[in-house]
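Work through the following exercises with the sequence and the structure side by side. Try each task before reading the solution below it.

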Amino acid sequence: MTNTKRTVYTGWNLKNSYERLPEAFFSNTEPTAVSSPELVVFNKSLAESLGLDTEKLEGDEGVDVFVGNVVPEGASPIAQAYAGHQFGHFTMLGDGRALLLGEQVTPSGERFDIQLKGSGRTPYSRRGDGRATLGPMLREYIISEAMHALGVPTNRSLAVVKTGESVIRETDLPGAIVTRVAASHLRIGTFEYARGIGVEELQALADYAIERHYPELKAEENRYLAFYREVLKRQAALIAKWQLVGFIHGVMNTDNMTISGETIDYGPCAFMDEYDPKTVFSSIDVQGRYAYQNQPPIGKWNLARFAETLLPLFHEDQEEAVNIAQEAISDYDSYYHKHWLRGMRDKLGIFDELSQDEPLIEDLLGIMQKHKADYTNTFRAMTLNHLEETPMSESTEFTNWYKQWQARLDRQEESKEESYQLMRKSNPAVIPRNHRVEEALEAAVSQEDYSVMERLIDILADPYAYSPEQKEYAKLPELSDRPYQTFCGT
Ligand code: AMP
Ligand code: MG
């Protein structure tokens, strides 16, 4: 059952610039209609910032749009083609269960992709039903919005709608669709796909990406190289932010790495609890390729694949192009390190820069690892000066470290008060704790009780507030002997 009905909805201002790319980049595809949709969660403030009519969207009209039963005026749904290195191996992909409705141009002139995920099969779905289930779609909503509130660049979630149909997995599960909002869905994998078609297509895509995300580079002498360098900078900065908040993406394949520098594809991701650089949550990542400590080098590996695809645009002489690419990639480590170190100094209330800072930070992380200290809560306890809340506060190692840190703070011009203020802005009081997310999903999926999730979303909306209500959400779960595992959300 397909549906081509188009209705006017106040506030939609959808454009379709992606369709001006060569045809090989997409397939026009209508969403598959569903029987009895029900709105489960709606992001009113995001809708407002997009210039949408929130009252209408909260009613039946919105539900129909968010589920794909009605396509809003101006929309021209397409599935995007892409490829990617998945766990190191090159594969042809494409939106197998997602559709781009169009690009919403906001009242302030910004442009955002509006995408439905779970909207049915597309020409790129070789396997699978093109559908998604309620638990993983709500999980994406909760975590992507939490990431946004934490200050990490990310796509966002506008709504989750239950389709009213069940989806067959190991058991029958309620089907759902999430509406995502992103700067774009251009990925490293889109470029890998383009390279496979031809240099002309590759250049068309690069020009499109520059126009959309880096228009200031158009005048550069070698604009493709300048473009590459900017993407590299944004990716390095993004991954540094992930490390700083303890976020583990879980599936850093090149098709999940954006040109805009936003986090996308919330599948098996989760936040680290105990500080252990080897932490992996994803059930499919048996080798630990995407473990916490591997995220920065994998980011570089992905950017090397990106550089390879762009070689013909860097220089007509291949050897020269390779030299250019290698030189550009070599900047990654220092960009990443600079962002990470600045972020870590902020977490410790350090304003100026001394060479002793990095060993000081490394020492703390080493002590945390040894004592299996919770990553977020250790920084939270230091921010609140409630050291007794960390399991290592009694240890001599930590006591000695603490004295060194305090002495370091004394050496800068800023007052202790200012340091603690900086720490409050840099260390979240709450993150989406795995047991809290699970609890919210369980209530939503099994009991159709969305109140637990709504409260969690509220608590996570201002992670640096240090409000009394957040206290409860900072608590760790009762000890469990089963390590937390996440799944790809299919
Ligand atoms: P992801 O792990 O979400 O990045 O997905 C990898 C690829 O598998 C993408 O091309 C998806 O569109 C596709 N895919 C994932 N789940 C399904 C599904 N249920 N039906 C069809 N395609 C899917
Ligand atoms: Mg993906």
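This is a predicted model: local features need pLDDT of at least 70, side-chain atom pairs count only at pLDDT 80 or more; totals for chains, interfaces and linings use all residues.

**Exercise 1. Determine which residues coordinate the magnesium ion (ligand 2), and decide whether N256 and D265 are buried or exposed.**

Step 1. The magnesium ion is coordinated by N256, through OD1, and by D265, through OD, at 1.9 to 2.2 Å.

Step 2. Both N256 and D265 are buried.

**Exercise 2. Describe how domain 1 and domain 2 are placed, and identify the residues that touch the most other members of the largest nonpolar core.**

Step 1. The domain assignment of the chain gives domain 1 as residues 14-182 and domain 2 as residues 188-340.

Step 2. Between the C-alpha centres of domain 1 and domain 2 there are 23 Å, and the contact takes 35 residues from domain 1 and 37 residues from domain 2.

Step 3. The largest nonpolar core has 97 residues, of which F227 and F314 touch the most other members; the largest share of this core, 14 residues, comes from α7, and at least three residues are drawn from each of domain 1 and domain 2.

Step 4. Looking around F314, and leaving aside residues up to four places away in sequence, one finds that F314 touches N222, Y224, L225, Y228, A307, A321, I324 and A325.

**Exercise 3. Explain why helix α5 (residues 188-197) can be called largely enclosed.**

Step 1. The buried residues of α5 are I188, G189, T190, F191, E192, Y193 and A194.

Step 2. Seven of the 10 residues of α5 are therefore buried, so the helix is largely enclosed by the rest of the structure.

Step 3. What covers these buried residues includes the strands β7 (83-86) and β8 (89-92), together with the helices α6 (199-213), α7 (223-245) and α8 (295-314).

**Exercise 4. Locate N427 and T486, and find the polar partner of each side chain.**

Step 1. N427 sits in the loop between α14 (416-426) and α15 (434-447), and because its relative accessibility is 0%, N427 counts as buried.

Step 2. Apart from residues up to four places away in sequence, N427 touches K347, F379, T383, Y464 and Y466; with T383 there is a polar contact between the two side chains, at 3.0 Å.

Step 3. T486 belongs to the segment after α17 (471-474), and with a relative accessible area of 2%, T486 is buried.

Step 4. A polar atom of the T486 side chain is 2.6 Å from the backbone oxygen of P268, while the contacts of T486, not counting residues up to four places away in sequence, are R139, P268, C269, A270, F281, S282 and S283.

**Exercise 5. Say where H371, K372 and N385 are found, and how accessible H371, K372 and N385 are.**

Step 1. H371 is placed in the loop between α11 (357-370) and α12 (375-384), and its relative accessible area of 24% makes H371 partly exposed.

Step 2. Not counting residues up to four places away in sequence, H371 touches P391, M392, S395 and E397, and the side chains of H371 and E397 make a polar contact at 3.0 Å.

Step 3. K372 also lies in the loop between α11 and α12; at 55% relative accessibility K372 counts as exposed.

Step 4. N385 is in the loop between α12 and α13 (396-410), and with a relative accessible area of 41% N385 is partly exposed.

Step 5. Most residues other than glycine have a negative phi. K372, however, has a positive phi of about 50 degrees although it is not a glycine, and N385, likewise not a glycine, has a positive phi of about 55 degrees.

How values were computed:
Residues are numbered from 1 along each chain as its sequence is written. Chains are lettered from A and ligands numbered from 1 in the order in which they are written. Side-chain values use heavy atoms; hydrogens and water are left out. Buried means under 20% relative accessible area, exposed over 50%, partly exposed in between (1.4 Å probe, protein chains only). Helices (H or I, at least four residues) and strands (E, at least two) are DSSP runs, numbered from the N terminus. Contact means heavy atoms within 4.5 Å. A polar contact is a pair of N or O atoms within 3.5 Å; within protein, one must be able to donate a hydrogen and the other to accept it, and residues adjacent in sequence count only if both atoms are side-chain atoms. Donors are N, O and S atoms within 2.8 Å of the metal (3.2 Å for Na, K and Ca); water is not among the atoms, so sites may look incomplete. A nonpolar core is a set of buried Ala, Val, Leu, Ile, Met, Phe, Trp, Tyr and Cys residues joined through side-chain atoms within 4.5 Å. Domain bounds come from an automatic or database domain assignment.
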